[in-house]
Amino acid sequence: MLRKGHLEEKHENQERWLLTYADLITLLLVFFVVMYSISKADERKFSKLNASLQRAFNVIVLEGQDKTAVAGQDGPAVGSSLIDDFIGVRTDILKLADEMGAQNNVSVTIQKEGIAISLSGNLLFDSGRADLKPESVKILDRIAQRLKNMPNEIRVEGHTDNIPVDSEMYPTNWELSVARATVVTRYLTEVDGVPSQRLSAQGYGEFKPIVNNDTRENRARNRRVDILIIYPNVPDELARETR
């Protein structure tokens, strides 16, 4: 009896290793499932994360990644090339604006149609006029250096507040906004050499404000010229993250 009990206990101990082996196999299976999931990560989420980190730290992050198109988009690919251009333009232009003491008059964001460089009307023009201030051309020159090295179409948009303009030359804000957009467009091509076939000018008057025209500060924000570097199929998530 004692001998039989001893043999049974020994037999049970010899098979105990199967539990450890089964645990190991299960862990390996979970590991490879996780690795497969990471390899199939949603590229749109990656782009959104990339833009968020860039915006927060104002540096180029996640370098070394391959150029990838955003999943689920039709037409030309929009991937890390857009983010790279955005970071380059934003860093360059905002650095110059800071040197000029004009950091509150310049912003660079991603919008639905592409990269938007927004310049305050007070930075570029005197009130009710469409003649460029001499000190404003420095930042236009820097923007033009970037634009000449990019193949994108470029649209220059003029905007005003809702206060009627007091000028015989510009009867309404329509004329003033168009004149300002045209002046900036002509400067970029005639002085800085940006190819004219890639440029267009539009004036929106008071009808596309970014904030309500209920305070002096808000009206100043609405008086602006936007230089839009056009990209096709910009994801909504990416535009929202950088505005």
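Modeller: A pocket is an open set of grid points, where a 1.4 Å probe fits, with protein on both sides within 12 Å along at least five of seven lines. Please keep in mind that this is a predicted model.

Colleague: What volume does the largest pocket have?

Modeller: The volume of the largest pocket is about 630 Å³.

Colleague: And how many residues line the largest pocket?

Modeller: Its lining consists of 24 residues. Those nearest the centre of the largest pocket are Ser107, Ser118, Ile210, Arg224 and Asp226.

Colleague: How does the lining of the largest pocket divide into nonpolar, polar and charged residues?

Modeller: There are 6 nonpolar residues in the lining of the largest pocket, together with 9 polar and 9 charged ones.

Colleague: Now the second largest pocket, please. What is its volume, and which residues lie nearest its centre?

Modeller: The second largest pocket has a volume of about 250 Å³. Its lining has 16 residues, and Ser127, Gly128, Asp161, Leu176 and Arg223 lie nearest the centre. Two or more lining residues come from helix H5 (121–124), and likewise from helix H7 (173–191).

Colleague: Which element gives the most to the lining of the second largest pocket?

Modeller: That is H7, with 3 residues. By class, the lining of the second largest pocket is made up of 5 nonpolar, 6 polar and 5 charged residues.

Colleague: Let us stay with H7. How does H6 cross it?

Modeller: The axes of helix H6 (residues 137–148) and H7 come within 10 Å and cross at roughly 60°. H6 is therefore oblique to H7. The crossing of H6 past H7 is right-handed.

Colleague: Why does one quote both an angle and a distance?

Modeller: Two packed helices are described by the angle between their axes and the distance between those axes.

Colleague: Where does glutamate 175 lie, and is glutamate 175 buried, partly exposed or exposed?

Modeller: Glutamate 175 is part of helix H7. Its relative accessibility is 34%, so glutamate 175 counts as partly exposed. From glutamate 175 to glycine 158 the C-alpha distance is 9.7 Å, and 17 residues separate the two in sequence.

Colleague: Moving to the loops, where is glutamate 135 found?

Modeller: Glutamate 135 is in the loop between H5 and H6. It counts as partly exposed because its relative accessibility is 48%; exposed would require over 50%. Glutamate 135 is 11 residues from leucine 124 in sequence, with 8.1 Å between their C-alpha atoms.

Colleague: What about the phi of asparagine 233?

Modeller: Asparagine 233 is not a glycine, yet it has a positive phi of about 60°. Most residues other than glycine have a negative phi. Asparagine 233 sits in the loop between E5 and helix H9 (236–242). At 30% relative accessibility, asparagine 233 counts as partly exposed.

Colleague: Finally, the whole chain. How many helices and strands are there, and what share of residues counts as buried?

Modeller: The protein chain has 9 helices and 5 strands. Read from the N terminus, their order is α-α-α-α-β-β-α-α-β-α-β-α-β-α. Of the 243 residues in the protein chain, 37% count as buried.

Notes:
Residues are numbered from 1 along each chain as its sequence is written. This is a predicted model: local features need pLDDT of at least 70, side-chain atom pairs count only at pLDDT 80 or more; totals for chains, interfaces and linings use all residues. Side-chain values use heavy atoms; hydrogens and water are left out. On a 1 Å grid over the protein atoms alone, a cavity is a set of points where a 1.4 Å probe fits but cannot get out, and a pocket is an open set with protein on both sides within 12 Å along at least five of seven lines; lining residues have an atom within 4 Å of a point. Grid points are joined across faces, edges and corners, and a volume is the space filled by probe spheres set on the points. Ala, Val, Leu, Ile, Met, Phe, Trp, Tyr, Cys and Pro count as nonpolar, Asp, Glu, Lys and Arg as charged, and the others, Gly among them, as polar. Helices (H or I, at least four residues) and strands (E, at least two) are DSSP runs, numbered from the N terminus. Buried means under 20% relative accessible area, exposed over 50%, partly exposed in between (1.4 Å probe, protein chains only). Axes are lines fitted to C-alpha atoms, for helices over the stretch in contact, and angles run from 0 to 180 degrees between N-to-C directions. Angles under 35 degrees count as roughly parallel, over 145 as roughly antiparallel, 65 to 115 as roughly perpendicular and the rest as oblique. A crossing is left-handed if the near helix is turned anticlockwise from the far one by less than a right angle, and right-handed if clockwise.
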